[in-house]
Amino acid sequence: SGRRFRGVDKRQYAFFVVTHGRQTAASRPDLFKCGHGQLGQTAELALEEKCILVNERDQYVGSASKRDCHRVDPEGNIRLHRAFSVFLFNSAGDMLLQRRSVHKITFPDCYTNACCSHPLYDIDGEREELNAVGIRRAAQRRLNYELGIPMAQARPENFHYITRIHYADRGDGTWGEHEIDYILFLQKDVNLKPNDSEVSEVRYIPRNGLDATIANLGAPLTPWFRLILQHRLPLWWDNLHQLKSYENHKQIERF
């Protein structure tokens, strides 16, 4: 089983990598292996979970499996569905960056923000729209599943809902994304125990190291993270103490 880490001490816990049981740099005190995740059947079952289909105004229009929501049809279309992206910061203001597992169907082995997933139609509480509470509940669930963050450390009321972004990317031409993406910020010191079926690497990066880190990553960025990084992230990050001033809950942003 994996070990539990607290993302507080940058010197010791700022960087660790999942290597499917192999520790790549045992001589480094800041590099750790994480526990094994289940692949195969679990991933297959996850593709049958139902996402929430919406129109371009983010109004509910139905549901469809994750498989059907991410498959690119012969005309290059992808069904529009509701999603969220969590940006996680520790008390020092450093941001958590993750590298997606090579086993992910969409954008495997890409760097991205802390957690990117979907509220599920199958879960009643995640369909609730008022104050994005369904999205917040889904974010709590997925942070626990992907990063092992205890549910009590990421409660729905802890997330700061900033805005929604509409984007699409055809990915590899077979699997892609087309989402109304709710942007959630969470600033909290949390325990981490990454699930290696979802995440292959996690690191905290400081604001003043953002550009250098991105420039030297050994893999591409996910399309949603790239868009947010280009258009909004530096501004939001510089204003963690006054995010309410940057809320936009009325318009859906498109870049």
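Start at G218, which counts as exposed because its relative accessibility is 65%; exposed means over 50% relative accessible area, buried under 20%, and partly exposed in between (1.4 Å probe, protein chains only). The model is predicted: local features need pLDDT of at least 70, side-chain atom pairs count only at pLDDT 80 or more, and totals for chains, interfaces and linings use all residues. Residues are numbered from 1 along each chain as its sequence is written, and side-chain values use heavy atoms, with hydrogens and water left out.

**Stop 1: around G218**

Stay on G218. It sits in the loop between α5 (210-215) and α6 (223-231). Helices (H or I, at least four residues) and strands (E, at least two) are DSSP runs, numbered from the N terminus. Now show the neighbours. Not counting residues up to four places away in sequence, G218 touches R99 and Y111. Contact here means heavy atoms within 4.5 Å. From G218 to D109 is 109 residues in sequence, yet 9.6 Å in space, C-alpha to C-alpha.

**Stop 2: F225**

Move along to helix α6 and select F225. Is F225 buried or exposed? F225 is buried, because its relative accessible area is 0%. Which residues does F225 contact, leaving aside its neighbours within four places in sequence? They are F87, M95, L97, Y111, T112, N113, I214 and L233. Draw a distance to Y111.

**Stop 3: the aromatic rings**

Select the cluster next: ring pairs link F87, F89, F185, F225, W236 and W237. Rings of Phe, Tyr and Trp (its six-membered ring) pair if their centres lie within 6.5 Å; planes under 30 degrees apart count as stacked, over 60 as edge-to-face and the rest as tilted. A search of the whole structure finds 9 aromatic pairs. Zoom in on F89 and F185: the ring centres are 5.1 Å apart and the planes lie at 40 degrees, so this pair is tilted. It joins distant parts of the chain, with F89 in strand β5 (residues 81-89) and F185 in strand β10 (residues 177-187), 96 residues apart. Both F89 and F185 are buried.

W236 is buried, as is F185.

**Stop 4: two positive phi values**

Turn to the backbone. Most residues other than glycine have a negative phi. Select D58, where phi is near 65 degrees, a positive value in a residue other than glycine. D58 lies in the loop between β3 (50-54) and β4 (60-65). It counts as buried, because its relative accessibility is 5%.

Then select F107. Phi of F107 is near 50 degrees, again positive in a residue other than glycine. Its place is the loop between β6 (95-100) and β7 (111-112). At 13% relative accessibility, F107 counts as buried.

**Stop 5: N90**

Go to the loop between β5 and β6 and pick N90. Its relative accessibility is 2%, so N90 counts as buried.

**Stop 6: the cavity**

How many cavities of 30 Å³ or more does a search of the whole structure find? The search finds 1. On a 1 Å grid over the protein atoms alone, a cavity is a set of points where a 1.4 Å probe fits but cannot get out; lining residues have an atom within 4 Å of a point. Grid points are joined across faces, edges and corners, and a volume is the space filled by probe spheres set on the points. The largest cavity has a volume of about 30 Å³. Select its lining: Q98, R100, K104, T112, C116, E146 and E198. By class, the lining has 1 nonpolar, 2 polar and 4 charged residues. Ala, Val, Leu, Ile, Met, Phe, Trp, Tyr, Cys and Pro count as nonpolar, Asp, Glu, Lys and Arg as charged, and the others, Gly among them, as polar.

**Last stop: the whole chain**

Zoom out. The protein chain has 7 helices and 13 strands. Of its 255 residues, 56% count as buried.

Conventions: 1 Å grid on protein atoms, 1.4 Å probe; cavity = no way out; pocket = protein on both sides within 12 Å on 5 of 7 lines; lining within 4 Å.
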